[in-house]
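Dear colleague,

I am handing over the structure below, and my notes on it follow. Please read them alongside the coordinates.

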Amino acid sequence: MDDAAMGDLVMAGFQKLGFIQFAGIEGVEFSAGRNVVTIAPKSEHLNHNGDLHAAVLFGLAETAAMGASISGIVDLMGETFIVARDGRIEYLARAKGDAGPFLATSELTAETLEKVRADIAARVDVELEVPVDITDSTGKSIAASAFTAVIRPRRM
């Protein structure tokens, strides 16, 4: 299965989640080690200043991070349990609603993916820091974040 088809399957799974539906988060790109998602703000996503609400930005970043964390192990998902343990975000600039759509890009190195796959095969718990950059429609970075993805062997 090629990356585009795999990305469609992953986003179809994400689209079943109520928050993703509310936020209107959509997949842009998915490949081993990379996940890019987007949001085109609606009025219900904006705060009193007309900016994308901080909670929506955080959710966009978490969606990108968790997509990237599974991007190189989709074939091993039946053997694993995956969850975000924590996350942090630094707001670098205003996310003005009219500066959207916004892109959240999360990338992992091939070496990181190789180690994660080896740890899964060895049934070793993995804690993986997954970075995310959020940009507006001009490419300006408006937030930087990182999430810890915990990947554990599924209990038999």
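Two strands are taken to pair if DSSP finds at least two bridges between them, and both helices (H or I, at least four residues) and strands (E, at least two) are DSSP runs, numbered from the N terminus. This is a predicted model, in which local features need pLDDT of at least 70 and side-chain atom pairs count only at pLDDT 80 or more, while totals for chains, interfaces and linings use all residues. Residues are numbered from 1 along each chain as its sequence is written, and side-chain values use heavy atoms, with hydrogens and water left out.

Strands E5 and E6 form a hairpin with five residues between them, and in the turn Gly 139 has a positive phi of about 95°. Ten bridges hold E5 and E6 (residues 141-153) in an antiparallel pairing, with Val 130 opposite Phe 147 of E6. E5 (residues 126-135) is also joined by three bridges to E4 (residues 102-107), again antiparallel, and there Leu 103 has Thr 135 of E5 as its bridge partner.

Ala 143 lies in strand E6 and counts as buried because its relative accessibility is 0%, where buried means under 20% relative accessible area, exposed over 50% and partly exposed in between (1.4 Å probe, protein chains only). Neighbours within four places in sequence aside, Ala 143 is in contact with Ile 89, Glu 90, Tyr 91, Leu 92, Val 132, Asp 133 and Ile 134, contact being heavy atoms within 4.5 Å.

As for helix H3 (residues 54-70), 13 of its 17 residues are buried.

Best regards
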